[in-house]
Amino acid sequence: MTDTRIETFLTLCRLMNYRRTAEELHMTQPAVTQHIHYLENYYGCRLFVYDRKSLKMTHEAELLKKYAENILYQEKKLKEQLCEKKGTTLSVGATKTIGEYVIADHISAYLKDPSNRISVYVDNTERLLDSLSKGEIDFALVEGFFDRSRYASRLYRREPFIGICGRSHPFADRTISPDKLWGSNIIIREEGSGTRNILEQLLKGYNRSFSDFGRVTTISEFSLIMQLLEKTSAVTFAYRAVKERHSELAEFGIEGWNAVHEFNYVYLDAPFSEQAVELFDSFRKTDT
């Protein structure tokens with residue numbers, strides 16, 4: 001059973017406010033302070049400091065946070081295994097490209113075993129990593145960037161990152177120079193999404209940003225983005241797996257861009273989490 005002081009510590013790490021932490025945990029503020037002081041005395045280091053009235057985590061607190069997240073996750077999984085009679089239950093996160101266009105066959109193969117169960121949460125990279133840190137999911141399949149020093153990871157597959165437009169668009173089925181791209185109307189995903197982060201990094205390589213486009217439209221749902229590409233002169237950038245599901249759209253390339261990015265399993269560095277990845281990955285051999 002995990003020490004409640006560790007739970008207090010993780011809540012304070014998330015909220016960075018003693019009063020709000022006390023309210024969320026239904027404790028008094030002095031009790032929260034007492035829990036933190038106990039941990040500081042036990043580990044012999046400061047965990048939080050004030051910098052101009054703002055609460056900051058120390059380096060030691062960052063290390064303890066990573067350890068504590070792993071411990072809470074392992075305890076949760078142990079309890080689940082002790083209670084389960086047979087089969088395996090997985091809680092999986094997936095970024096939107098992967099969740100909507102890539103893993104349906106993989107999940108189907110996993111579910112061919114009638115004792116297997118799974119919950120899949122499709123969201124952007126930022127929110128999935130937050131859920132992972134809280135132990136709410138076993139692992140995430142992520143298309144974007146993540147902190148490799150904080151999480152363990154394993155390659156799922158590599159996928160080309162391409163331009164997509166309507167079939168009547170002047171860019172359709174062509175490779176254009178970067179100069180022809182600036183001034184175009186572009187549709188992008190919301191902040192925190194993997195595809196948006198990757199596109200931002202590509203643009204930085206040309207000392208460009210979204211402000212160089214004629215008009216920027218932000219939409220979180222791929223299905224709506226694809227419909228608008230067909231009906232308007234806008235363009236977007238996404239993985240080829242998205243384009244392959246929409247025959248009414250066309251692909252285009254940019255001279256000098258050879259963007260191939262990784263889809264990765266991202267998980268806590270804990271035995272239960274690694275076992276969950278290995279189990280799920282073992283069903284890929286039956287994919288169609």
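The axes of helix H1 (residues 4–15) and helix H2 (residues 18–25) come within 9 Å and cross at roughly 130° in this predicted model. Axes here are lines fitted to C-alpha atoms, for helices over the stretch in contact, and angles run from 0 to 180 degrees between N-to-C directions. Helices (H or I, at least four residues) and strands (E, at least two) are DSSP runs, numbered from the N terminus. H1 and H2 are therefore oblique to each other. Angles under 35 degrees count as roughly parallel, over 145 as roughly antiparallel, 65 to 115 as roughly perpendicular, and the rest as oblique.

The crossing of H1 and H2 is right-handed. On the H1 side, the contact involves Thr8, Thr11, Leu12, Arg14 and Leu15. These meet Tyr18, Arg20, Thr21, Glu24 and Leu25 in H2. Contact means heavy atoms within 4.5 Å. The residues of this contact divide into 4 nonpolar, 3 polar and 3 charged. Ala, Val, Leu, Ile, Met, Phe, Trp, Tyr, Cys and Pro count as nonpolar, Asp, Glu, Lys and Arg as charged, and the others, Gly among them, as polar.

H2 also packs with helix H3 (residues 29–43), at an angle of about 105° and with the axes 8 Å apart. H2 and H3 are therefore roughly perpendicular to each other. Tyr18, Arg19, Thr21 and Ala22 of H2 make the contact with Gln29, Val32, Thr33 and Ile36 of H3. The residues of the H2 contact with H3 comprise 4 nonpolar, 3 polar and 1 charged.

The structure holds 0 disulfides (pairs of cysteine sulfur atoms within 2.5 Å). Cys13 is in no disulfide; the nearest cysteine sulfur, in Cys45, is 12 Å away. For Cys45, the closest cysteine sulfur is that of Cys13, too far for a bond. Cys13 is buried, with a relative accessible area of 8%. Buried means under 20% relative accessible area, exposed over 50%, and partly exposed in between (1.4 Å probe, protein chains only).

The chain has 12 helices and 12 strands. Its C-alpha atoms fill a box of roughly 65 × 55 × 30 Å, taken along the principal axes. Of the 288 residues, 47% are buried. Among contacts with a separation of 6 or more, 75% join residues 24 or more positions apart.

Residues are numbered from 1 along each chain as its sequence is written, and side-chain values use heavy atoms, leaving out hydrogens and water. In this predicted model, local features need pLDDT of at least 70 and side-chain atom pairs count only at pLDDT 80 or more, while totals for chains, interfaces and linings use all residues.

Terms used. A crossing is left-handed if the near helix is turned anticlockwise from the far one by less than a right angle, and right-handed if clockwise.
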